[in-house]
Structures are given as structure tokens and as C-alpha cells.
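Good morning, and thank you for coming.

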Amino acid sequence: LEDIRYSNSKLFNHFYSFASYKYDNELFMSGDDFLKAVLDKEHHEISPERTSPIVELSEADHMMILEEAPLRIKKASIFTSLGSQALISFPEYLFLVSIMSHPKSHLLKIFHMIDADGNRVLDKDEFELLGMFFSGVQFSSPHNTSLKVHFFKEDGTGILSAKAFVHFIDSLQS
């Protein structure tokens, strides 16, 4: 386990068991990896052994996945649309699992609490606060991920509306 920040965590061990990619010493799951990890019913107590090697991404590979992500995402489900072409960090994994287990009304209440200026949208910094609230770990990363690019564009200037967040919750929870 290479990421010292989380190496003693059972949740990180589970994440590590399914992660396919590594870029600049950070591990990432694909959309397929995330679905497998979440749907894995056999390993609630002990994480499964890795069955495939971790693919080391070049900068070009990393950029290609991020550039293609918004084009691949369909309305129904972000993760089935992305398949193997996604980058999901460990904090995002925790955030997404947490979203799956909370009622939409609770999530929206937190969304509005974090919406500091009350404009019913989150910018990237506010979203990272939301992520940190649910994941319990530092959510910002020097690397873009598919989720961040989907919501905030590659340059981080996009916004996440409450309506888009509700749609995201609905697709994740269904």
C-alpha cells in the first residue's frame, strides 16, 4: 500500500483491492472498479486480494481519460457510462459510498449549508468542503478526477447546481 495517509484504514484496503490505476503515486478506481467494490458482497470484513496489476498512467493517459470523461457520461448512471475510463480517488470513493447511504433530504441540507453565498450552486472549493464533510478526509488533490472534471470542467471554473446534485444523487442511489 503506497499511500501512507490511509494505509491503516480498512476502507482504504478495500479501495486498494479494486483500484486499477496509479498516477503520480496516487491510486484511482475506474467506474467499473467502483461498481465492483460497491456491489462486492463477499468481502465485508476482509478486503479481497488484488487479482490484476495496477496500471501506471502517464501524463498523456491521465489527460486522455479526463478529456473523454465528460463525453462518455450519459444521464442515467455516471459510473456505468464511464466504465474503465474514469479516475475516482480514495476520498471520492468515501464520498460516493457515503452519498449512497444517506437520504437525499439530508444530502441537500448539507449542500445548502456548504453553499456559503446562498446562490444554490457549489463551486469547486465548496464541493471539496462537501466531500470532506462526507468522506472525513482531506478531499482536495493536486490531480483532477473524472468527477471534478464532470462537475467543474478541467480548469475548475464550473459550478454544481442543487438540481444537478439531486440528479447525481438519484443516479447514484438507483
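Please bear in mind that the model before you is predicted. Strand β1, residues 21-23, is joined to β2 by three bridges, and these two strands run antiparallel. They belong to an open sheet of three strands, ordered β2-β1-β3, in which the pairing is mixed. β2 (26-28) and β3 (55-56) are the edge strands, each pairing on one side only.

I turn now to the helices. How are α5 and α9 arranged relative to each other? Helix α5, residues 90-100, packs against helix α9, residues 162-173, at an angle of about 80 degrees, and their axes lie 9 Å apart. The two helices are therefore roughly perpendicular. In this contact, F95, L96, I99 and M100 of α5 meet F165, F168, I169, L172 and Q173 of α9. Eight of the contact residues are nonpolar, one is polar and none is charged.

In soluble globular proteins, nonpolar side chains tend to be buried together. The largest nonpolar core here has 34 residues, of which M29, Y93, F95, F127, L130 and F165 touch the most other members. Several helices each supply at least two residues of this core, among them α1 (10-18), α7 (124-135) and α9. The largest share, six residues, comes from α5.

Leaving aside residues up to four places away in sequence, F127 touches F95, L122, F139, L147, F151, F152 and L160. There is also a second, separate core of eight residues, including Y21 and F28, with which we began.

Notes:
Residues are numbered from 1 along each chain as its sequence is written. This is a predicted model: local features need pLDDT of at least 70, side-chain atom pairs count only at pLDDT 80 or more; totals for chains, interfaces and linings use all residues. Side-chain values use heavy atoms; hydrogens and water are left out. Axes are lines fitted to C-alpha atoms, for helices over the stretch in contact, and angles run from 0 to 180 degrees between N-to-C directions. Helices (H or I, at least four residues) and strands (E, at least two) are DSSP runs, numbered from the N terminus. Angles under 35 degrees count as roughly parallel, over 145 as roughly antiparallel, 65 to 115 as roughly perpendicular and the rest as oblique. Contact means heavy atoms within 4.5 Å. Ala, Val, Leu, Ile, Met, Phe, Trp, Tyr, Cys and Pro count as nonpolar, Asp, Glu, Lys and Arg as charged, and the others, Gly among them, as polar. A nonpolar core is a set of buried Ala, Val, Leu, Ile, Met, Phe, Trp, Tyr and Cys residues joined through side-chain atoms within 4.5 Å. Buried means under 20% relative accessible area, exposed over 50%, partly exposed in between (1.4 Å probe, protein chains only). Two strands pair if DSSP finds at least two bridges between them.
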